[in-house]
Amino acid sequence: MRFSNAINAFVLILFGAFIAQAATRMPGLRLIDYGTGFFPMVIGIGLLATGVLMLVAGRATDRVASGDQPKPPPVMPRTETADPGSFFVTVGSVIFYILAVETLGFVPSMTVALTVLIRWFGTSLFKAFLIAVMSSTVLYLFFHQLMSVPLAWGILWPLERYLS
Amino acid sequence: MMGAVLEALLTPQCVAVILGSAVYGLVAGAIPGFTASMAAALVVPVTYFLDPVPALAGIVTLSAMAIFSGDIPGALLRIPGTPASAAYTEEMFQLCQKGQVERALGTALLSSAIGGVAGAVALIFMAPLLAKVALLFSSFEYFWLACLGLTAAAYVTSVNPIKGFASLFIGLAIALVGLDPVAGFPRFTFGSTHLLGGLGFIPVLIGLFAVSQVFRYALHRPSATRTQVEISRSSLLQHLVETVRGVIRFRWAIARGAGIGVVVGTVPGAGADIASYLSYAVSRARSREDAHSIHGAQEAIASATAANNASLGGALVPATVLGIPGDSLTAIIIGVLFMKGLNPGPLVFVLKADLIMSVFVAFLLANVLLVPLGFLAIFAFRHLVAIPQRILIPLILAACIVGAFAVENSNSAVIVMLAMGLIGLYLEENDFPLAPVILGVILGPILEEKFLISAIKAGGDLTAFFDRPVAMGLGICVLGLWGWLLFSALRAAMGRNSEA
C-alpha cells in the first residue's frame, strides 16, 4: 500500500481535477458570484496544487530529513513486509457481512465473519468459533436489547418472540 | 451555577457513565494499538442514546483516562499505547528494566493527573473569558478563524506540510458530499438518496481512525514475540512514598510541562502528541540530571506526561468557544457536542452555560479520579496488555461495524465506514496525517456557510472580509501564513532542484 510520492501526487491531481470539473457544472447564487460550485472549485484547485507541489518538491519538504522534528513510532506494532492475504480476508469479511446481514441476520453473519477472521489470524477453529459466537451475542444483546438498535434477525426470526 | 452543575453531574446515570467511561478509557488506552481517538470514536454511537451531560462527561472522562493508560504498554512492552506516549516510551521501558516499574508508572500517573487538573482549571477559567470576546465576532471573524485553525492543523500535524494540506483538502472534499449548506443543491451524491444527507460523521470517524488501524494490522501483522516486563508482587502503595517524593522533586518540570501542554493544546492540530514531544525536549534540554540516570528518566517522564494530559484541557478551549478543534480527539468531542445540540460557540456559554460548565467540571473530576483508578489499572492491567492482537483486532472490527450501523440504522453507514477505512489506510501508509482530514470534515461545512453568508451580507464584495478590525487582523494573519507556507514550499523545491 505504500506508493512513491509521484504516484500519490498523481492521485491528488486526478482527484482535484475531478472535483474542479464537477464544480463547473454547479449552479450559482442569484445575488453573488459565489454559488454552490465555488467551494468545491477551491478544494479541487487546492488538491491540484498540493499534487503539483508534491511532484515538484518531492521529499525536499520532509522535515524528518532535516532532523527538525522526530517522527513518532507507529502505535500499532507492525512489520515492514506486507501481508496482502490477511488484508483481503479482513476487507472480505466486512463485505461478506454487508451482503449477508439482511438475509442471515446479525448474529449468524457476524459469527461467520469473525470465525473466519480469528481463525485466519492463527487461533484454532474451535476457539475462534466460540469467541465469535460469544462476542456476536454480546454485541447483539448490548445494541439491540439495551440501545434499541434494529439489528437484523435474519434466519433467527422464529426465535424473535422468545428472545426479545 | 455550581449547584446546577453538581445537580447535572450527580445523577445516577451520569455517575454510572463517568465510572464506566473511566474503566473503558483505562482499558482501551492500555491495549497496544488502541489510541485515545480510536477509543472515543468507538464509543460515540453509544453517546447517541444518552442525555447531553452524561454523553459529554463520558467522552471527556475516557479521553483523560486513555491518554494516561497509553503509558502502561509503553512501560511494560515498549509499545506506546497512544502516539503521545511515544516520546518517553524508551525512558519508561528502561526504568522498568532497572526494576523501577512502580516508580515509572507512578510518576506518569501523578504527573498526568496534575497536568490534567491544570488543563481543566485553565479550561474552566479561560473558556468563558474567551467566549465573552467571541460574542463580538460575526461570520467574517468566524470565517477567518476557521481558515486559521485549518491552516495551523494542516501545517502542524505532519512531518511534511504538503501532505498535511493534502489531507486537509481530502477532508474538505469528503464534507462536500450531500446538499450544499446555503442553496440546498445536491453535490457528489451520484443520484443516491442515501448520500443526500452527506456522509455520516460517525461512520467517517470510525472508518478513518479505527477500521484503518485494523487494516494496517492485517497488512503488517507483527510476530507474536514480545519483551514484557513484570510488575513486582509488592504493592504499588509501598512505592507511593518514593513516587510522591520524586513528583515533589520535579515539581517545576511538571509545572512547565503542564504549561506547555495547555498552550500547545490550544493550537489547532497540535494536540497531545506535539505537547508531549515538546515538553520532553524542553525537559531534556534544561535538566541537570544525567539523562541515563533513574532521576533523569523520571524527570523527562514527569514533564512529558503532565504536558500530555494538560493539552486536552487547552484543546477544549478553542473547541468549545470557537468550534475549532485542537486535535482529532477534540474533533470527536465537537462532533458529540453538535449531536447533542450544544453547538460549540460563544452562545453556548450564554444559553446553556450550566451544561457546558458541567462538562468542564466532569473533566476536572475525571483527572482527580485518575489517581485512584490509575493505580488500580497499573496493577490490574499488567495481563491485559498481553491480550493477543489476533483475537482483539477482529473484535474491534466487529465493534466498528455495529457502531457505524447503530447511528443511522442503515447498511450504507457500514459501506461508508469501509470506504473510509480504506482511505485512512492509504493515507496512513503513505504518511498523510489523519487529523486534518477529520478537522476538514467537521469545519468544511462551517467554513463554507460562514463564507457564503458573509459574501451575501456584503453583496459579493470580498473587501468586506477586511472591514471589521478583528476580521482584518485575522485575515492578514491567514493570508500572511499562506504566503509564507507557499514561499517555503517553493524555496524547498528550488533548493532540491539546484542540488540535483
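Me: Why is B:L19 called partly exposed?
Reply: In this predicted model, B:L19 has a relative accessibility of 41%. Buried would need under 20% and exposed over 50%, so B:L19 counts as partly exposed. You'll find B:L19 in helix α2 of chain B.

Me: What makes up the largest nonpolar core, and which residues have the most contacts inside it?
Reply: That core has 169 residues, and those with the most contacts inside it are A:F106, A:F143, B:L9, B:M417 and B:I438. Helix α10 (residues 201–219) of chain B gives the most to it, 14 residues. As for A:F143, leaving out residues up to four places away in sequence, it touches A:S148, A:V149 and A:L151, plus B:V46, B:V402 and B:A406. There's also a second, separate core of 37 residues, B:I72 and B:F381 among them.

Me: How do you know where confidence in chain A is highest and lowest?
Reply: Look at the mean pLDDT: helix α4 (residues 106–120) of chain A is highest at 95, while helix α6 (residues 160–163) of chain A is lowest at 69. Over residues 61–76 of chain A, though, the pLDDT is below 50, and this stretch still has 39 contacts in the model beyond near neighbours in sequence.

Notes:
Residues are numbered from 1 along each chain as its sequence is written. Chains are lettered from A and ligands numbered from 1 in the order in which they are written. This is a predicted model: local features need pLDDT of at least 70, side-chain atom pairs count only at pLDDT 80 or more; totals for chains, interfaces and linings use all residues. Side-chain values use heavy atoms; hydrogens and water are left out. Helices (H or I, at least four residues) and strands (E, at least two) are DSSP runs, numbered from the N terminus. Buried means under 20% relative accessible area, exposed over 50%, partly exposed in between (1.4 Å probe, protein chains only). pLDDT is the predictor's confidence in each residue, from 0 to 100. Contact means heavy atoms within 4.5 Å. A nonpolar core is a set of buried Ala, Val, Leu, Ile, Met, Phe, Trp, Tyr and Cys residues joined through side-chain atoms within 4.5 Å.
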